[in-house]
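Here are my notes for your read-through. Keep the model open beside them and check each point as you go.

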Amino acid sequence: MESMEEIVAREVGADGLAAMVAAFYRQVRTDDVLGPMYPDQDWEGSEKRLREFLQFRFLGMEAYTENRGHPRLRMRHFPFVIGERESARWVQLMETAMDECTVSPEARAVMSPFFAQVAEFLRNHPR
Ligand code: HEM
């Protein structure tokens, strides 16, 4: 059976992931819940980190680990209070980004659960 990585590589690719992350951050910037959480308002830097992380996770591209080392996402999210509201909003904005980029149903079927699971895993606050 084809893996999640193979499906994303075929259906989305590096440029597709980049477009999704750009569409995601366009919304985050002005989002009432997530916008204020990004400390330095370093939007280009934030966009680059998420883009390179996803290109690493799905496509094995090395820029993320070269720049940031091991992802350690849970540790890197500890400075931010992430409860149900923050997690749900992150997923909602990424779903809207995938709508905007007309991600194929096949890629959607593997990426939506991935994002939902990671967002849940990153929760560090009960509410
Ligand atoms: C659950 C809700 C989430 C919230 C509220 C959140 C918030 C944040 C914030 C405030 C930052 C720091 C700003 C920055 O470094 O640019 C960050 C960094 C990051 N987030 Fe999230 N995030 C969430 C979920 C996710 C998910 C689901 C993923 C991956 C699928 C992810 C991947 C990343 C990555 C790769 C970084 C940069 C890490 C680094 O190299 O420093 N985040 N996030």
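1. Which helices each supply at least two residues of the shell around the ligand? The model is predicted, and in it these are α3 (43-59), α4 (63-68), α5 (73-77), α6 (84-100) and α7 (105-121).

2. Look at where the ligand sits. The space it takes is the largest pocket. Around the ligand there are 22 residues. By class, 15 are nonpolar, three are polar and four are charged.

3. Check the polar atoms next. Tyr 64 has a side-chain N or O atom 2.5 Å from an oxygen atom of the ligand. For Arg 49, a polar side-chain atom lies 3.0 Å from a ligand oxygen atom. His 77 places a polar side-chain atom 2.8 Å from a nitrogen atom of the ligand.

4. Turn to the aromatic rings. The structure holds ten aromatic pairs. Take Tyr 25 and Trp 43: their ring centres are 6.2 Å apart and their planes stand at 55°, so this pair is tilted. The pair links distant parts of the chain, with Tyr 25 in helix α2 (residues 13-28) and Trp 43 in helix α3, 18 residues apart.

5. Are these two residues buried or exposed? Tyr 25 is buried, with a relative accessible area of 5%. Trp 43 is buried as well, at 11%.

6. Finally, trace the aromatic cluster. Phe 24, Tyr 25, Tyr 38, Trp 43, Phe 58, Trp 90, Phe 114 and Phe 115 form it together.

Terms used. Residues numbered from 1 in each chain as written. Predicted model: local features only at pLDDT ≥ 70, side-chain atom pairs only at ≥ 80, totals over all residues. Heavy atoms only, no water. Near = heavy atom within 4 Å. Polar contact = N/O pair within 3.5 Å; in protein donor to acceptor, adjacent residues only side chain to side chain. 1 Å grid on protein atoms, 1.4 Å probe; cavity = no way out; pocket = protein on both sides within 12 Å on 5 of 7 lines; lining within 4 Å. Sits in = over half its atoms within 2 Å of the grid points. Helix = DSSP H or I, 4+ residues; strand = E, 2+ residues; numbered from the N terminus. Nonpolar A, V, L, I, M, F, W, Y, C, P; charged D, E, K, R; others polar. Phe/Tyr/Trp six-rings, centres within 6.5 Å; stacked < 30°, edge-to-face > 60°. Buried < 20%, exposed > 50% of the residue type's maximum accessible area, 1.4 Å probe, protein only.
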